[in-house]
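Student: Pick one part of this model and take me through it closely, would you? I'd like the pairing and the packing around it, in one go.

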Amino acid sequence: MTSVMNFDIHRVNRETQKDIQNIINNKTKPPGALGQLEQLALQVALIQSSIHIEVTKPTALVFASDHGIAERGVSIASSDVTTQMVSNFLAGGAAINCFCESVDMELKVIDAGMKKKLVNEPNLINQSLGQGTSDFSLTQAMSVATAEKGIGLGASQVQALINQGCNTVALGEMGIGNTSAAAAMMCALLKLPVEQCVGRGTGIDDQQLQTKRQLIANSLELHKGSIETPLGILAAVGGFEIAQMTGGILQGAQEKIIVLIDGFIASIAALLAVRMYPEARDYLVFCHQSDELGHESVLAELDATPLLNLGMRLGEGTGAALALPLVRASCKFFNDMASFAEAGVTV
């Protein structure tokens with residue numbers, strides 16, 4: 001298992017960037033006419049260090065876990081819904097199932113630490129860190145050792161996909177209470193007040209929002225001695241699924257594959273990963289802007305312009321799945337679109 005301090009991540013090699021950009025500029029179109037798709041093609045070509053780029057065996061990993069803070073009324077749903085939704089994923093009935101099927105993407109579901117366990121589910125990958133985190137308004141969400149273990153487990157799951165030929169992985173999550181954990185992490189990572197980070201999550205009312213913000217503010221004060229490092233923040237107020245997504249991101253960056261980042265929760269895992277290893281940023285494709293309060297600020301911190309803005313805030317990896325056709329399209333035009341010389345077009 002890879003230690004959090006032992007990833008070997010390097011930035012993409014930019015020595016060929018000018019040549020790659022010239023290939024893009026000489027396609028039969030005005031310079032820049034394909035907008036973000038041109039930037040995406042450049043990024044993928046740099047990641048793959050190739051002038052023939054492709055998506056192979058794309059897979060979405062959805063990590064599910066529960067949160068002790070959910071018992072404090074910060075969501076419209078109880079923790080039971082985490083397990084119920086995982087059952088729905090396994091039965092093929094959720095949005096992420098529909099979207100993965102529509103874009104020919106494999107889906108794997110991981111129990112990262114659900115409160116209620118599912119038995120006799122051969123398609124559920126069990127790498128549980130426990131029956132939900134502790135309530136971080138009262139104590140640490142998890143130990144530092146557990147946070148490190150979670151990062152290692154997420155890394156091992158992505159490595160297993162790479163060993164099977166996957167070069168594009170999408171990361172999603174399910175966990176009642178996880179917008180509270182992600183927002184608390186955002187406050188600590190960006191040193192921002194709760195009012196700029198803590199949103200309505202599943203759609204809570206004004207009173208619940210006030211409670212959620214107060215709990216997170218109190219929690220940050222409680223843990224102020226422990227939240228000086230990314231790992232400390234994860235252990236103090238994070239989630240098991242966030243830990244495993246962070247590990248998946250870091251392993252993907254180490255192995256130089258495309259890592260598709262979904263919405264708010266996944267972006268917090270991405271921010272954590274980049275704070276640990278800034279080099280990891282080169283491998284991340286930000287797929288959509290969530291409607292959740294705070295996501296725009298996280299994207300700005302990561303210098304990320306997402307591919308889509310559909311007003312979504314579901315999670316599950318849905319935005320990442322929907323962005324996959326754009327990644328494929330960027331590869332297709334880069335590989336197969338004629339140059340001016342090939343087409344006999346003079347400019």
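Tutor: The chain has 14 helices and 6 strands, taken as DSSP runs numbered from the N terminus (helices: H or I, at least four residues; strands: E, at least two). Some ground rules: this is a predicted model, where local features need pLDDT of at least 70 and side-chain atom pairs count only at pLDDT 80 or more, while totals for chains, interfaces and linings use all residues. Residues are numbered from 1 along each chain as its sequence is written, and side-chain values use heavy atoms, with hydrogens and water left out.

Let's look at the sheet. It's an open one of 6 strands with parallel pairing, in the order β3-β2-β1-β4-β5-β6; strands count as paired if DSSP finds at least two bridges between them. At the edges sit β3 (124–126) and β6 (284–286), each pairing on one side only. On average, neighbouring strands are turned by 30° against each other, direction ignored.

Start with β4 (residues 168–174). 7 of its 7 residues are buried, so this strand is largely enclosed by the rest of the structure. Buried here means under 20% relative accessible area, with exposed over 50% and partly exposed in between (1.4 Å probe, protein chains only). In a regular strand the side chains alternate between the two faces of the sheet. For β4, both faces are covered: T168, A170, G172 and M174 are buried on one side, and V169, L171 and E173 on the other.

On the β1 side, 6 bridges pair β1 with β4 in the parallel sense, and T59 stands opposite V169. On the β5 side, β4 pairs with β5 (residues 258–261), again parallel, over 4 bridges; there V169 has V259 as its bridge partner.

Now go the other way from β1 (residues 59–65). It runs parallel to β2 (residues 106–113), joined by 7 bridges. F63 is partnered with I110 in β2, while A64 stands opposite D111. Helix α4 (residues 95–102) packs on the sheet here, touching β1 and β2, and its direction makes about 150° with that of β2. Contact means heavy atoms within 4.5 Å, and axes are lines fitted to C-alpha atoms (for helices, over the stretch in contact), with angles from 0 to 180 degrees between N-to-C directions.

For a helix–helix contact elsewhere, take α2 (residues 36–48) and α13 (residues 318–336), which pack at about 80° with axes 9 Å apart. The two are therefore roughly perpendicular; the classes are under 35 degrees for roughly parallel, over 145 for roughly antiparallel, 65 to 115 for roughly perpendicular, and oblique for the rest. L37, E38, L40, A41, V44 and A45 in α2 meet L326, V327, S330, C331, F333 and F334 in α13. By class, that's 10 nonpolar, 1 polar and 1 charged residues, counting Ala, Val, Leu, Ile, Met, Phe, Trp, Tyr, Cys and Pro as nonpolar, Asp, Glu, Lys and Arg as charged, and the others, Gly among them, as polar.

Zooming out, 56% of the 347 residues count as buried. Of the contacts with a separation of 6 or more, 76% come from residues 24 or more positions apart.
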